[in-house]
Amino acid sequence: MFEAEKMQLIEYGIKVFKSGLVQGTGGNLSQRVGSEGQYYLMTPSGIDYDSIEPKDVLVMDMNGSIVEGERSPSIEHGMHREVYKHREDINAIIHTHSLYATALSIARQPLPEIESTIVLMGGSIEVAEFARHGSMELARNVVKALSNKKAVLMANHGLLVAEKNLERAFKGCLGIEQCAHMYILARSIGEVCPIDSEKCDELREYIRTSYGQKKKGN
Ligand SMILES: [Zn+2]
């Protein structure tokens, strides 16, 4: 079941890998599926992104049971599930180990609202406290630091982006990585000036009401 969605997840896994956001089999992706959003598709553990086939993608439920699939899911499947359980607005999650975002997570420094990408992800990107990879403690720390935003850094580990769909999650991962790079460069030459909060609110409102093509007939 969910064959088209499995193909889409595989396609985005390859994009994540080819963009250099992960090395080898690192990172993981998931997508919420089902008429009531009661399941999620999870990438398998330890299989190269360009070798994953639809039968390797797991269908899981919100109790963590495997509904379909023979493979072991990514060790971070509990982290993805906890985010879905706490955030009804989220339908796709990508977790990467991208270089500059991870560097910030090691310095335990959040990424402030230095550029529109961060503003539109819901505000400064916080660092979730460290916990062992694959642990429920890590899942809880991620949910807490994510709050009602779209992204969170994971201490000494990487980045998680939670979005409405895979396309937005992928673009979010690329955008945050670029902003983390810009931030580290800017910090290296002087003081950094984030956009002030009033202007951030103004930008969010402007994008919400004015950006993109107007729908005809409305
Ligand atoms: Zn990881």
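This report looks at helix 3, its packing against helix 6, and a lysine in helix 1.

## Ground rules

The model is predicted, so local features need pLDDT of at least 70 and side-chain atom pairs need pLDDT 80 or more, while totals for chains, interfaces and linings use all residues. Numbering starts from 1 along each chain as its sequence is written, and side-chain values use heavy atoms, with hydrogens and water left out.

## Helix 3 against helix 6

Helix 3 spans residues 99-106 and helix 6 spans residues 166-189 (helices are DSSP runs of H or I with at least four residues, strands are E runs with at least two, numbered from the N terminus). They pack at about 60°, with axes 7 Å apart (axes are lines fitted to C-alpha atoms over the stretch in contact, and angles run from 0 to 180 degrees between N-to-C directions). That makes helix 3 oblique to helix 6 (under 35 degrees is roughly parallel, over 145 roughly antiparallel, 65 to 115 roughly perpendicular, and the rest oblique).

On the helix 3 side, Leu99, Tyr100, Ala101, Ala103 and Leu104 meet Glu177, Ala180, His181, Tyr183 and Ile184 of helix 6 (contact means heavy atoms within 4.5 Å).

## Lysine 6

Lysine 6 sits in helix 1 (residues 3-18) and is buried, at 2% relative accessible area. Beyond neighbours within four places in sequence, lysine 6 touches Met1, Leu41, Pro54, Val57, Val59 and Glu68.

How values were computed
Buried < 20%, exposed > 50% of the residue type's maximum accessible area, 1.4 Å probe, protein only.
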